[in-house]
Structures are given as structure tokens and as C-alpha cells.
Amino acid sequence: MKPRWLWLVLLLHILFSSVQLCEIPGGNLHHINTLNADLLKLTQDDSTEPNPSIYLALRLSDDHNLETERYYLERLKNVYQPNASSSLVAATYQEQPGTGHLALYLLALRVACYNMETVEANRLVTQLKLHLHKEKEKIGPEGHGWPITNYYQYSLGVLAMCVHGKMIDQHVIRKLLHAEEDGRFRGKNKLSVDTEAMAGLAFACLQQATIYTPDLMAKLNRSVEKVKKKILQAQTPEGAFGNIYSSPLAVQFLLATGMSQKKPECPKGMAALLQHLEHQDFQNILFKSQLLPVLYGKSYLDIASMECHTERNGLVISTPSPTLAGTTRRRKRIAVQLIVKHPPHSLPLYRRVLSVPQGSSLLDVLKEAAKQALSPLLFETQDTFSGPLLTAMMGVKPQEGERKYWEILRTPSTILEQGIADYIPQDKETIIFKFSPW
Ligand code: B12
């Protein structure tokens with residue numbers, strides 16, 4: 001943990017230097033290095049599946065630990081290309097990776113300057129093409145349906161193809177343009193800034209390609225401006241775009257599209273991000289890995305021009321901070337109420353007040369509820385790149401293809417901006433789990 005005065009000095013330095021530029025000068029800033037080293041440390045955890053987003057962040061950094069990066073790429077290959085991998089302990093992907101995962105992996109290969117002129121690499125590109133085709137078909141000719149995954153992953157797929165300089169079926173692009181124009185990047189009647197930003201990055205990449213018709217180019221130009229307008233309008237008084245977790249990607253988009261340096265929105269957003277970094281002590285992996293490129297003034301669009309030579313190789317893996325043994329004993333206990341709702345049934349499927357140590361995560365509360373001898377809570381989770389997603393409660397889960405999920409709210413109706421592993425409930429708080437459409 002850094003002393004507070006050091007954070008303050010760094011923050012002031014960064015804020016001062018970002019007044020004119022929507023970029024932070026990288027390199028010697030200590031806390032950028034801390035985030036960098038922190039992500040590097042995450043690569044050492046062999047117990048979790050490697051995450052291409054972490055790799056993208058490390059590669060887009062100005063400071064590297066090339067050996068660790070090489071090792072992590074090998075781990076990614078073991079998962080996504082088990083046949084091509086030389087490792088004997090190759091982990092096999094249970095099913096074919098879906099659109100988003102495949103797209104992230106292809107971005108990882110490009111950011112590593114991997115030779116794509118191989119049968120295996122071409123097979124992956126073809127696979128992504130096929131995924132995008134199926135996503136497009138699922139949306140339907142009128143554009144009223146939804147992709148198989150979601151528009152965020154659809155955009156990631158388009159971005160990955162574009163970054164590799166691959167020609168994309170213009171119908172696939174037009175579907176995404178149409179969805180943007182039609183305001184379909186929404187969740188719960190609220191703009192999904194993450195999705196806008198990811199689609200915006202894909203459009204911005206396509207803008208730079210010279211292989212599409214003038215009519216399509218004109219549409220792309222218009223959409224980039226629209227995305228920019230929506231993202232800027234989504235800025236909160238505190239400076240976040242949408243919420244703090246969508247802000248790194250939003251700033252990536254603004255950087256990639258040459259946000260006017262005279263405008264105050266970008267430095268304001270950057271200040272909010274830095275403040276969050278300071279206060280939250282680097283919690284969320286997705287947030288961290290989408291933020292690091294921003295701190296170097298980069299975006300996922302920069303992957304397209306990666307050259308991979310003369311890289312600064314000196315980043316060291318930080319040693320674990322000493323834990324204060326015994327200080328967690330005798331924590332005050334708090335009461336948290338859990339309610340599980342399954343509309344239209346008016347009676348909750350579950351309701352109980354649990355007693356847990358202060359500082360417990362919501363996941364800890366769920367585990368405590370599951371341990372109760374009398375009417376235990378039943379729940380299931382699925383590991384994702386954002387952490388454990390709550391997938392089933394009291395045996396209720398979405399059917400194959402059903403657009404429903406377990407929404408998490410704080411009474412009376414505040415939608416949580418964090419998942420079960422990250423959210424820390426307060427004393428006497430009531431958390432509602434509601435099986436909802438999305
Ligand atoms: C689409 C989406 C959803 C969809 C996913 C369904 C689907 N099949 O597409 C639905 C509507 C279910 C959803 C739900 C939630 N979401 Co959401 N979601 C996204 C979005 C826009 C894209 C995810 C994606 O496809 N990633 C790409 C693929 C390749 O990565 P992946 O890890 O395989 O993706 C899976 C996970 O991201 C998972 N997922 C989606 N949301 C969340 C949230 C959490 C906390 C976890 C652990 C997993 C998870 O669903 C994806 C598909 O399987 C992201 C934005 C982003 N920047 O990632 C927000 C995002 C991840 N969601 C977020 C939140 C807060 C939630 C909810 C907690 C909201 C709530 N209060 O109910 C719930 C999860 C509740 C639960 N049951 O655990 C936040 C997470 C912030 C954080 N602090 O971690 C994000 C970053 C949006 C934001 N800026 O606020 N989400």
C-alpha cells in the first residue's frame with residue numbers, strides 16, 4: 001500500500017498533465033507501473049484460466065516482462081489452440097470458444113505479432129467469420145432479433161477481424177451499424193456504454209480500412225460520431241462514462257477517435273478513473289485490464305499497428321504484500337437480508353437475514369446462506385472473465401436461449417454495479433435477486 005501523500009502527489013501530477021491532453025504520459029509514473037505489475041502478477045495464477053484481456057493489457061503497455069508474456073501466450077494457446085500447442089499439458093476447451101472469447105484470442109495473437117500465415121491461424125479466422133455469420137442470422141433480416149451472444153461480443157468479433165486486416169462481410173457490418181442507429185445497445189432501458197464503446201472501436205477500425213464501398217464508409221463515419229455523442233452524453237457529474245466500469249473502454253474509444261484535446265470531458269473522465277483506482281485499490285480484473293492501455297494513451301485499435309520490436313523489457317513481478325496475520329480475527333458481525341424473487345410469483349423463493357463478518361463479499365453471504373441447516377439457499381455460479389456470474393438460484397436458471405438472468409439489486413431497486421464476488425454489503429442491507437429479462 002502506498003502512503004496517501006504519494007498517491008496525492010501522483011494524482012495531482014497526472015491531473016495537471018492531463019488538463020490539455022486526454023492522455024497520461026506513461027513510463028515513469030509509479031502508479032501506472034503498479035497497475036502494470038499487478039496485472040503481471042495475475043498471470044502467475046495457474047489455478048485460473050488465462051484471460052486474453054490481461055494479455056492485451058500487458059502487450060499494450062510500454063513496459064514489459066517479455067518472458068512472462070511469452071509464457072502467458074503459451075497458456076492461452078493451450079486453451080484456444082490445443083492442437084497447435086506443443087505443451088503436453090494442453091488444456092482443451094470443452095466446447096468451441098464463442099464469438100467473444102475467440103475474438104479476444106485473435107486480438108491476443110495480433111498483439112503478439114503472431115504469424116497468421118499458418119493453417120491453424122487461418123482456421124481460427126474462418127471460425128470467427130462463421131460465428132459472426134451465425135450471430136447476424138440470429139438477429140434476422142429486419143434487425144429485430146438479438147445476436148446469439150450479445151452486441152458487445154459481436155462488436156469484439158468485428159474489431160478482431162478488422163485489426164487483422166481481414167475483409168468482413170458487409171452484411172455483418174451493416175447489422176451492427178443498424179443496431180447502433182436503432183439504439184439497441186441497451187440493457188434494462190439504459191445505454192450500455194461498454195457496448196457503444198466496443199462497437200465504436202470496431203467502427204473506428206473499419207473507418208481506417210480502404211476496402212469498403214463509399215456508402216458503407218459514410219455510414220461508418222456517421223456512426224462513429226453518434227457513438228461519440230452518446231458516450232459523452234452518458235458522462236456523470238463525477239466524470240464517469242456510464243459507470244466507472246465502462247469508463248476505461250469509453251476513454252479508449254475517445255482516444256482512438258482523436259477526442260478533441262480542448263474538450264473537458266476526457267480529462268474529467270480520466271480524473272474519475274484515477275480517483276477510482278486510488279480508492280478501490282485495484283479490485284476488478286476486467287476494469288484493470290481495460291484501463292492499463294488508457295494510462296498509456298492507447299486503445300485496442302493500436303493492436304492493429306503493433307510491431308513488437310525494441311520493447312522495454314524490465315518489468316518485475318511484484319512480491320505479495322505482507323498480510324497482517326491475525327488482524328482479521330474478531331471482526332464485527334453484520335446482518336444482511338437476502339430475498340430471491342421469481343416474478344410473476346409474488347411469494348419470494350427465499351428470504352432470510354444472515355449474520356456475517358463485516359467486510360464479507362456478497363458471495364460470502366450466499367455461501368453462509370447455503371450452509372444453513374434449515375432451508376439452505378441453493379445457488380450456482382459460472383466463472384467468467386468478470387468473475388463468478390450467478391447463474392441459478394433455488395434451482396431456477398434460464399433455459400437454453402432464454403434471455404433471462406439473475407439480476408442483483410439493493411433495496412428498493414438500485415441495480416448493483418458489481419458482481420457477487422466484488423460487492424461488499426453493509427449492515428442491515430437487503431439484497432434482492434430477481435429473475436429478470438435482459
Ligand atoms: C452482456 C452483459 C451482461 C449480460 C450477459 C448475458 C449474455 N449472455 O450476454 C447480462 C444481462 C446477463 C449481464 C448481467 C449482469 N451484469 Co453485465 N455485462 C455485459 C457486458 C455488456 C458484456 C459481457 C461480455 O459479453 N463480455 C465479453 C466476453 C467474451 O467475456 P466473458 O467473461 O465470457 O463474458 C461473460 C461475463 O461478462 C458475464 N457477465 C456479464 N455481466 C457480468 C457481471 C458480472 C459481475 C460477472 C461476474 C459476469 C458477468 O456474461 C458474459 C457472457 O457469458 C459487460 C460489459 C463488459 N465490459 O464486459 C457488462 C458487465 C460485465 N456487467 C456488469 C454488471 C454489473 C452486471 C450485473 C451484476 C448487473 C446486476 N446488478 O444484476 C449482472 C450479473 C448478475 C449475476 N447474475 O451475477 C458490469 C460489471 C462491473 C463489475 N464491477 O464487474 C459490466 C462491466 C457493465 C458495467 N459497465 O457496469 N451482463
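Trainee: Which residues are the closest to the ligand?
Mentor: Residues are numbered from 1 along each chain as its sequence is written. In this predicted model, local features need pLDDT of at least 70 and side-chain atom pairs count only at pLDDT 80 or more, while totals for chains, interfaces and linings use all residues. The ligand is surrounded by 36 residues, and the closest are Gly 100, Asp 194, Thr 384, Phe 385 and Gly 419.

Trainee: How many residues of the shell around the ligand are charged?
Mentor: Ala, Val, Leu, Ile, Met, Phe, Trp, Tyr, Cys and Pro count as nonpolar, Asp, Glu, Lys and Arg as charged, and the others, Gly among them, as polar. By these classes the shell around the ligand holds 15 nonpolar and 17 polar residues, and the charged ones number four.

Trainee: Which domains give at least three residues each to the shell around the ligand?
Mentor: Domain bounds come from an automatic or database domain assignment. At least three residues of the shell come from each of domain 1 (24–313) and domain 2 (333–437).

Trainee: Which helices and strands each supply at least two residues of that shell?
Mentor: Helices (H or I, at least four residues) and strands (E, at least two) are DSSP runs, numbered from the N terminus. Those that each supply at least two residues of the shell are α5 (99–111), α7 (151–163), α9 (193–208), β8 (387–393) and β9 (404–410).

Trainee: Are α7 and α9 roughly parallel or roughly antiparallel?
Mentor: Axes are lines fitted to C-alpha atoms, for helices over the stretch in contact, and angles run from 0 to 180 degrees between N-to-C directions. The axes of α7 and α9 lie 8 Å apart, and the helices pack at an angle of about 25°. Angles under 35 degrees count as roughly parallel, over 145 as roughly antiparallel, 65 to 115 as roughly perpendicular and the rest as oblique. The angle therefore makes α7, relative to α9, roughly parallel.

Trainee: How many nonpolar residues has the contact of α7 with α9?
Mentor: Two residues are in contact if their C-beta atoms, placed from the backbone, lie within 7 Å. Among the residues that meet are Tyr 151 and Leu 159 in α7, and Asp 194 and Met 198 in α9. By class, the contact of α7 with α9 has two polar residues and one charged, while the nonpolar ones number 13.

Technical notes:
Near = placed C-beta within 6 Å.
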